[in-house]
Amino acid sequence: MGSRERQHGAGPKKLGGVLETVVSRLGLRRDLDDYRIFEAWERVVGEQIARNAQPVRLDAKRLVINVKSAVWMQELALLREDIRQRINEWMGRELVQDLFLVLGPPHDDEPKPRPSRGPQGR
């Protein structure tokens with residue numbers, strides 16, 4: 001076995017494992033983990049709410065949600081704490097402390113939302 005093989009391990013490595021290592025070293029794991037909220041939104045809140053409201057960004061610990069109508073804005077305002085608790089339970093930690101509701105139709109044609117670092121810089 002040559003010195004190069006000893007330094008880098010024997011044989012090829014799976015790309016997933018290499019990416020996992022890179023993500024960890026760059027400190028991006030939490031940002032990627034936070035993105036799971038957007039992927040799981042419908043499973044967490046249910047189909048009916050998901051049709052009428054979509055998360056658009058995560059600012060620090062505040063989840064901004066685009067709501068389709070004033071009626072749904074009022075409904076989600078009443079469900080705010082329940083939704084927040086369900087999200088945090090699904091994530092396995094308190095990721096969201098508040099929901100910020102914004103009136104405007106959810107857009108399926110826009111690119112997927114991304115978590116942002118927000119003012120606290122996590």
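Two strands count as paired if DSSP finds at least two bridges between them. Strands (E, at least two residues) and helices (H or I, at least four) are DSSP runs, numbered from the N terminus. This is a predicted model: local features need pLDDT of at least 70, side-chain atom pairs count only at pLDDT 80 or more, and totals for chains, interfaces and linings use all residues. Numbering starts from 1 along each chain as its sequence is written, and side-chain values use heavy atoms, with hydrogens and water left out.

**Stop 1: the sheet.** Select E1, E2 and E3. They form an open sheet in the order E1-E2-E3, with mixed pairing. Strand E1 (53–59) and strand E3 (98–103) are the edges; each has a single partner strand, so one side of each lacks a neighbour in the sheet. On average, neighbouring strands here are turned by 25 degrees against each other, direction ignored. Axes are lines fitted to C-alpha atoms, for helices over the stretch in contact; angles between N-to-C directions run from 0 to 180 degrees.

**Stop 2: E1 against E2.** Six bridges join E1 to E2, and the two run antiparallel. Pick Arg 57: its bridge partner in E2 is Val 64. Now go to the hairpin of E1 and E2, with two residues between the strands. Ala 60 takes a positive phi there, near 55 degrees.

**Stop 3: E2 against E3.** Select residues 62–67, strand E2. Six bridges join E2 to E3, and these strands run parallel. Leu 63 has Leu 99 in E3 as its bridge partner. Arg 62 stands opposite Asp 98 in E3. Follow the chain from E2 through H6 to E3: this β-α-β crossover is right-handed. That is, with the strands pointing away from the viewer, the path from the first strand over the helix to the second runs clockwise.

**Stop 4: helix H6.** Select residues 70–91. H6 lies across E1, E2 and E3, at about 160 degrees to E3. Contact means heavy atoms within 4.5 Å. Where is the kink in H6 centred? Look at Leu 79, where the kink is about 60 degrees. The bend at a residue is the angle between axes fitted to the seven residues ending there and the seven starting there. Buried residues (under 20% relative accessible area, 1.4 Å probe, protein chains only) in H6 include Trp 72, Leu 76, Ile 83 and Met 91. Just after H6, Gly 92 takes a positive phi of about 85 degrees.

**Stop 5: helix H4.** Finish with residues 36–45. H4 lies across E1 and E2, running at about 155 degrees to E1.

Technical notes:
Buried < 20%, exposed > 50% of the residue type's maximum accessible area, 1.4 Å probe, protein only.
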